[in-house]
Amino acid sequence: MMRLIGTFMMMLVAAGLFVTPAQAQNGPLRIEITDGVMEPLPYAVPDFVPENGAASQMAVNIARVVAADLSGTGLFREIGKEAYISQITSFSSPVEFADWRAINAQALITGAVAVEGDNVTVKFRVWDVFGGQELGNGLQFAGTTGGWRRMAHKVADEVYSRITGESGYFDSRVVFVSETGPKDDRRKRLAIMDYDGANVQYLTDSTSLVLAPRFSPTGDRVLYTSFESGFPRIYILDVANVGRRGLQSREGTMSFAPRFSPDGQRVVFSLETGGNTDIYLIDISTGAETRLTRAPSIETAPSYSPDGSQIVFESDRSGSRQLYVMPATGGEAQRISQGSGNYGTPVWSPRGDLIAFTKQSKGRFHIGVMKTDGSAERLLTASFLEEGPTWSPNGRVIMFTRETQGAQGQASLYTVDITGRNLKQVRTPDGASDPSWSPLQK
Amino acid sequence: MTYLAKSILLVAGLSLAACTNAGRFDNDGTGAGAGSDAAIAGSASDPKSPLYFQQAIGDRVLFEVDRQTLDDEAKRVLDGQASWLTTNADYNVIIEGHADEQGTREYNLALGARRASAVREYLISRGISSNRLKTVSYGKERPIEICSEESCYAKNRRAVTVLASGLTG
């Protein structure tokens, strides 16, 4: 339940998530995200104030992206400018709290933008309207005009963080597979975009089938599977210069389903030999391989716990596909999934508290979450076909692939809260599948 | 619509091949994985031709959901393939394993590999040298039938024996 703590209730302590200024004594604005939503928090974000003529359009654009980020969470509801009683024409003038209370804006975000050549400076403040005070201190970001959306996302992350006490997820990217063409002649290539679907760039062409890219823990590299040799093999790609190399190559085998270790130095993956698929570990710099499972069943889709001590994976050793957790060095695995149906693609949350998965049951597919011991399973979505969850950097939102039914079936990306609310499609230029969400950018 | 267009193309390709009686089918394994759908060289009436292998012998076997078991019909087809490959000893093959769309990407890749491997092991048991037989799995990535019904799924759960000459490495 997401509780909206009223203006006059005591503020809960947010440990170390942002620099808490000395003003926090009076129980100001606060959302605590727990288990579900009631009313989204009403807020206003008037156009930012342009500090010079060159900034006028950008001042509007940045405020609009901030609003899209906040409202897109489902936790906040924007009050449109047609309701405004007073305008914000100066960043430094006092806020007329009564005018914003009258339209029930609980939070007000004001900002100013200056553009000098290619450089942009954005200043902003967050106001607790009913508390009649500023929430946190004013902040300023500097960047280039080409990176203006990132600056807007940083503002929104800071607002989100001050009001919820948790880190945001807006200044992040998603690497995915872009899909074109009919189902029996589908072309796939790697693409990268901002979390909200803006700024799509392609990382490979579509001459070879590519699958399931995965970001490194710092977002600088991407692992993926490509058929460019004629056989599925894992490649590692540098995001900055799009340089790539094969990670692992053994004649007569297939390798796929790679993921980085939390330290970014090793890759856990599936290797198939003689028809049998097991889980292996490879050291990226030395190429040294370690076999982690040894079973005649299929072992695939491994994912590390954030502390690096355990690996969750999928296996059909019991006769159906179920989820198992083993030590990161291999060894005895514990089955954690307990329900009926088939489970796959487990992914450990960045907070370490939950595992997201795909479940196939009674002819439907679901994205769900469970605790790391397999208890408290909750299915968040249901449709004809969906799979491949990836976590937002703060562990609050899951993005996944949904594919529609039939001969005209198309894949696209969706997000859903871990509460099961706020299901939304992410706009992409073409079909899209296999998302992997980056950490927050630095 | 697209499917119809593709069928017409395939027919055109076949008749062209029949006219020219083209030579050995080359496949370096880097194709799109639809090898069995591409125009196949040779004449269907020439028992030594790849087209004969594909059409008269049968280049594919089908599987039950989540299974890689070869049924009697599959074994009959593979016996024919083994016999043809014994006679036509300079052909190597790549066995492509495929799955239907009901399942996750990773699992279906692993399942397709099981199917391809089951065919490979069977052909080895019928005397075909293991170094002539490569396998690859496309999982659910290369369906030949695109409806979301069992009639299509049944044809997509397949292993296809694709002829290639002079496989290296």
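Chain A is divided into two parts, domain 1, residues 3-164, and domain 2, residues 173-437. The C-alpha centres of these two domains of chain A lie 35 Å apart. Keep in mind that this is a predicted model.

Let me start with helix α1 of chain A, residues 56-72. At 1.5 Å a residue, its 17 residues should span 24 Å, and the end C-alpha atoms are 25 Å apart, which agrees.

Which residues of α1(A) are buried? They are A:M58, A:A59, A:I62, A:A63, A:V65, A:V66, A:A67, A:D69 and A:L70. An α-helix has 3.6 residues a turn, so residues three or four places apart point the same way. The buried residues of α1(A) pack against several elements of chain A, including the strands β6 (107-116) and β7 (119-128), and also α3 (148-164). Just after α1(A) comes A:G74, with a positive phi of about 80°.

Next, A:S309. This residue sits in the loop between β21 (299-304) and β22 (310-315) of chain A. Is A:S309 buried or exposed? A:S309 counts as exposed, because it has 12 C-beta neighbours inside 10 Å, and the cut-off for exposed is 12 or fewer. A:S309 and A:P327 are 18 residues apart in sequence, and their C-alpha atoms are 6.1 Å apart in space.

Last, the two chains together. On the chain B side, 25 residues are in contact with 34 residues of chain A. Elements of chain B giving two or more residues to that side are α1 (2-20), α4 (105-125) and β3 (133-139). Of these, α4(B) gives the most, with nine residues. By class, the side of chain B that touches chain A has 11 nonpolar, nine polar and five charged residues.

Terms used
Residues numbered from 1 in each chain as written. Chains lettered and ligands numbered in written order. Predicted model: local features only at pLDDT ≥ 70, side-chain atom pairs only at ≥ 80, totals over all residues. Helix = DSSP H or I, 4+ residues; strand = E, 2+ residues; numbered from the N terminus. Expected span 1.5 Å × (residues − 1). Buried ≥ 20, exposed ≤ 12 C-beta atoms within 10 Å, placed from the backbone. Contact = placed C-beta atoms within 7 Å. Domains from an automatic or database assignment. Nonpolar A, V, L, I, M, F, W, Y, C, P; charged D, E, K, R; others polar.
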